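Subject: Structure handover

Hello,

The structure is placed below, followed by notes on what was found in it. Please keep it open while reading.

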There are 2 protein chains.
Amino acid sequence: MRFLRSALIAVLATAAGVAPAQPADPLPSWNAGPTKDRIVAFVRAVTDRNGKEFVPLEERIAVFDNDGTLWSEQPMYFQLAFALDRVKALAPKHPEWKSKQPFKAAIENDMKTLAASGDKGLLTLVMTTHAGMTPEEFRKIVEDWLATARHPKFKRPYTELVFQPMLELLAYLRANGFKTFIVSGGGVDFMRAWAEKVYGVPPEQVIGSSIKMKYEVRNGVPTLVRLPEINFIDDKEGKPVGILQHIGRRPIAAFGNSDGDFQMLEWTTAGGGSRFGLLVHHDDAEREYAYDRKTTFGHLARGLDEGPKRGWTIVSMKNDWKQIYPR
Amino acid sequence: MRFLRSALIAVLATAAGVAPAQPADPLPSWNAGPTKDRIVAFVRAVTDRNGKEFVPLEERIAVFDNDGTLWSEQPMYFQLAFALDRVKALAPKHPEWKSKQPFKAAIENDMKTLAASGDKGLLTLVMTTHAGMTPEEFRKIVEDWLATARHPKFKRPYTELVFQPMLELLAYLRANGFKTFIVSGGGVDFMRAWAEKVYGVPPEQVIGSSIKMKYEVRNGVPTLVRLPEINFIDDKEGKPVGILQHIGRRPIAAFGNSDGDFQMLEWTTAGGGSRFGLLVHHDDAEREYAYDRKTTFGHLARGLDEGPKRGWTIVSMKNDWKQIYPR
């Protein structure tokens, strides 16, 4: 297959009677500088058939965190905004929620009480809003929400708040034979509803947290049902586990933005040969947000402290990115 | 991408100054007849851009069971033969096994006692032999075993006991834009050790039963460890669940051979549009084995009874296959 592709390109070049033209900059939204240089140098090294660091096509696996890495995650994870909106939409059918936490807080936009309910409270909200339906029904609910919901600060649909430089990076890697995967703490089916259209990443290349499902034949119709029970949490130590269970081999490049991505970068960059680890640092209060050590969503401390020593590239959104969102 | 590929082929044809030649039979090991005709008709229908049943590239997902569908499974699942050989290899380090079941039976080739130990006994053997090491170590153990182990009847390496007609079918589907996945009750990492080389199916397209894993940093080296704990059983009702968790969409074609594949075929063929379900019936005692309703491995009864009514294709190995194994 690889050979065939090379052969086709060679024939094409010959047929046209020209040498291949100098390609345009594949990363136009990245400012010139050491960060961009490191990305390009890595890709050139692993794709140079005559180089020492050449990596065969099938091993060119790149993994990307989603929240804060491919799209924004403030003032809260977008999937949490979805869950809260769902609680409000379902509230008329559940009058008992008016006096029952954490639902009461969600309905009343009482973020302080909601935060105090902790992981258990948030999990209750997610389970209530993400389970009890078929995968097709859930997908439709996500699509409908995305069509109308707007981000509180930018007043744009959430799927427009993806990072233009990262879209270019995904495309650049794929053009160089990489298979790109999303590896996120977010819900896998929430992401799969739009990742193909927005990122060009097909559902089978999205890895995330998941709930259990059950197969059954209802009135003669085979279907699956989403259950209110955790199947897998794809965060921190869970990310290398999720990658190995799903992909079955270690990536050669990993991209993240928070300490939830630390182990994924650690494991990826510890492999033999040329490896690439990158953390997006949100330091652009003007065009996006500035946060790291003190935030609830996207906490980043260990990665900032240890990343550079480990050879990871730290992206300054403010300095490295010409543009944040697609226009 | 799809467009680009078509364009390349068109340019090539023009450059060569010829119309594309009539392609050779892509399924030479399949005898002419209704079974082969149905396969070819399905592939033509879903790839005909002007037809009513056209399916876009990204939805051309085909799933294949492994044991009994892509390779043989008698006189026992090959992975079980591997587990028994491992017990024998590890026995010198475990003198207590000489008097402890099910290990004693495994060491003594006492198949009757082993069978009597039931699922629990077999699970104990699998856990003991498949856990406690890193994924890299496990892969090496599998590769070493495959290099030397021989099938008791055919005296060939197990990876040569794959079905030539099915290898052709995999290639034929891929040549028509399908993404081919293995969906097996067998252990996912056992299969991943050789599926890419033997079937052309990369590890990320192998779905199977799995054990849990743990990420840890040992003496500064990040690694994963295989734990003696079931993560997922990819059989019967588990197959549609495993497919949806891993692939995130319903396949349009499913290939199996036992009632463990029933739900996978049922769910696949119940989707809208053109769908294909196929069961391999082992009815060739001379060239392979003949079994269905009364076997321990690869039990097939409901599929034979209901499959034809559901529009599934039943393959007679004896009549439909010109050749069983690669020469």
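Helices (H or I, at least four residues) and strands (E, at least two) are DSSP runs numbered from the N terminus. This is a predicted model, in which local features need pLDDT of at least 70, side-chain atom pairs count only at pLDDT 80 or more, and totals for chains, interfaces and linings use all residues. Residues are numbered from 1 along each chain as its sequence is written, chains are lettered from A and ligands numbered from 1 in the order in which they are written, and side-chain values use heavy atoms, with hydrogens and water left out.

Backbone

Pro75(A) sits in the loop between strand 1 and helix 3 of chain A, and the peptide bond that joins Gln74(A) to Pro75(A) is cis, with omega near 0 degrees. In chain B, the bond from Gln101(B) to Pro102(B) is also cis, with omega near 0 degrees; Pro102(B) lies in the loop between helix 3 and helix 4 (103-107) of chain B. Asn219(B), in the loop between strand 3 (206-218) and strand 4 (221-232) of chain B, has a positive phi, near 50 degrees. For reference, most residues other than glycine have a negative phi, and most peptide bonds are trans.

Interface between the chains

Counting contact as heavy atoms within 4.5 Å, 40 residues of chain A touch 40 residues of chain B. The buried area (accessible area, 1.4 Å probe, that two parts lose on being put together, summed over both) is about 3,400 Å² between chain A and chain B, and carbon and sulfur atoms give 60% of it. On the chain A side, Glu204(A), Tyr215(A) and Gln245(A) lose the most area to chain B, together 20% of what that side buries.

There are 19 residue pairs in polar contact between chain A and chain B, both residues at pLDDT 80 or more. A polar contact is a pair of N or O atoms within 3.5 Å; within protein, one must be able to donate a hydrogen and the other to accept it, and residues adjacent in sequence count only if both atoms are side-chain atoms. Elements that give two or more residues to the chain A side include helix 1 (2-16), helix 7 (135-148) and helix 11 (238-246) of chain A. Strand 3 of chain A gives the most, with seven residues. By class, the chain A side has 21 nonpolar, seven polar and 12 charged residues, where Ala, Val, Leu, Ile, Met, Phe, Trp, Tyr, Cys and Pro count as nonpolar, Asp, Glu, Lys and Arg as charged, and the others, Gly among them, as polar.

Salt bridges

Eight salt bridges are between chain A and chain B. One pairs Arg250(B) with Glu136(A), the closest N and O atoms being 3.8 Å apart. Within chain A, Lys239(A) and Asp65(A) form a salt bridge at 3.0 Å, N to O. That pair links distant parts of the chain, 174 residues apart, with Lys239(A) in helix 11 of chain A and Asp65(A) in the loop between strand 1 (61-64) and helix 3 (78-90) of chain A.

Regards

Key. Salt bridge = Lys/Arg side-chain N within 4 Å of Asp/Glu carboxyl O.
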